[in-house]
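Please walk me through this structure, one region at a time.

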Amino acid sequence: AASGRAVGWLRAMQSRNGGWGAFDRDNDSRLLADIPFCDFGEAVDPPSVDVTAHVLEALAALGHDASDPAVQRAIDYIRVEQEPAGSWFGRWGVNHLYGTAAALTALRAVGEPADAPTVERGAQWLAGQQNDDGGWGESCASYMDPAQIGRGVSTPSQTGWALTGLIAVDRDRYAPAIERGTRFLLARQNAGTWPEPQYTGTGFPGYGIGTRAAISDPEALAARLQQGGELQRGFMINYNLYRHYFPLSALGRIRQGMR
């Protein structure tokens with residue numbers, strides 16, 4: 001069957017550390033990022049939590065859980081990658097809101113309990129980032145400035161991510177936050193979709209090295225990459241469909257839980 005062949009391909013693409021990259025397997029050599037014509041590290045495709053989470057969610061939909069060695073290796077990878085504050089870095093969406101929501105959804109899908117320390121810390125961090133207007137937002141500056149992690153103007157796509165993560169963990173426990181987030185989306189829908197001028201997609205964060213960069217010392221990182229919070233030498237991507245399908249996906253999951 002087509003799904004069986006797809007699962008076989010996914011298994012073959014799992015990297016040594018248990019994670020998945022977007023395009024390749026074990027493509028994390030710094031040497032590739034240093035080749036002169038690879039001018040912003042795009043030849044490197046390291047595993048990331050967000051991609052790994054999406055793969056896990058797909059495997060869970062086909063009946064796989066932690067009894068599957070490949071799934072368990074991915075769970076272990078996600079646990080290792082969790083930040084001390086409880087969040088996860090996002091490579092293909094801005095930023096820790098994306099990584100955290102994806103990780104929580106995946107962990108719950110493969111059977112991790114809501115009160116597991118990894119899940120609980122992630123959900124508490126995510127709920128704690130909700131803005132006064134009920135939405136969630138995080139700016140691209142969070143890739144260079146740790147003070148900006150989880151902070152920013154509320155956007156529909158990022159609110160959709162956060163809602164999806166909290167719904168997956170515990171609808172009842174996070175009901176107030178979920179209700180406020182839902183109201184945010186409903187109040188801002190326009191002509192069937194949501195306006196979103198902010199950039200919530202990423203273009204190879206970690207410019208110049210092709211992989212995630214630690215920002216515990218922002219000044220040292222800025223000197224190394226020759227860029228700052230404005231990301232003048234990197235680039236971000238406005239994935240235009242994010243503002244359509246992530247809010248819709250979140251609202252659909254909310255409605256499904258009301259039946």
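This is a predicted model: local features need pLDDT of at least 70, side-chain atom pairs count only at pLDDT 80 or more; totals for chains, interfaces and linings use all residues.

Residues are numbered from 1 along each chain as its sequence is written, and side-chain values use heavy atoms, with hydrogens and water left out.

Two packed helices are described by the angle between their axes and the distance between the axes. Helices here are DSSP runs (H or I, at least four residues), numbered from the N terminus. Axes are lines fitted to C-alpha atoms over the stretch in contact, with angles from 0 to 180 degrees between N-to-C directions.

Helix α3 (residues 49-61) and helix α5 (residues 96-109) cross at roughly 25°, their axes coming within 8 Å. They therefore count as roughly parallel (angles under 35 degrees). Residues in contact (heavy atoms within 4.5 Å) include A53 and L56 in α3 and A102 and A106 in α5.

Helix α7 (156-169) packs against helix α10 (residues 242-257) at an angle of about 30°, with axes 8 Å apart. α7 and α10 are therefore also roughly parallel to each other. Among the residues that meet are W161 and L163 from α7, and F246 and I254 from α10.

Q130 lies in the loop between α6 (117-128) and α7. Q130 counts as buried because its relative accessibility is 14% (buried means under 20% relative accessible area, with a 1.4 Å probe and protein chains only). Leaving aside neighbours within four places in sequence, Q130 is in contact with G135, W136, A177, R180 and G181.

How values were computed: Helices (H or I, at least four residues) and strands (E, at least two) are DSSP runs, numbered from the N terminus. Buried means under 20% relative accessible area, exposed over 50%, partly exposed in between (1.4 Å probe, protein chains only). Angles under 35 degrees count as roughly parallel, over 145 as roughly antiparallel, 65 to 115 as roughly perpendicular and the rest as oblique.
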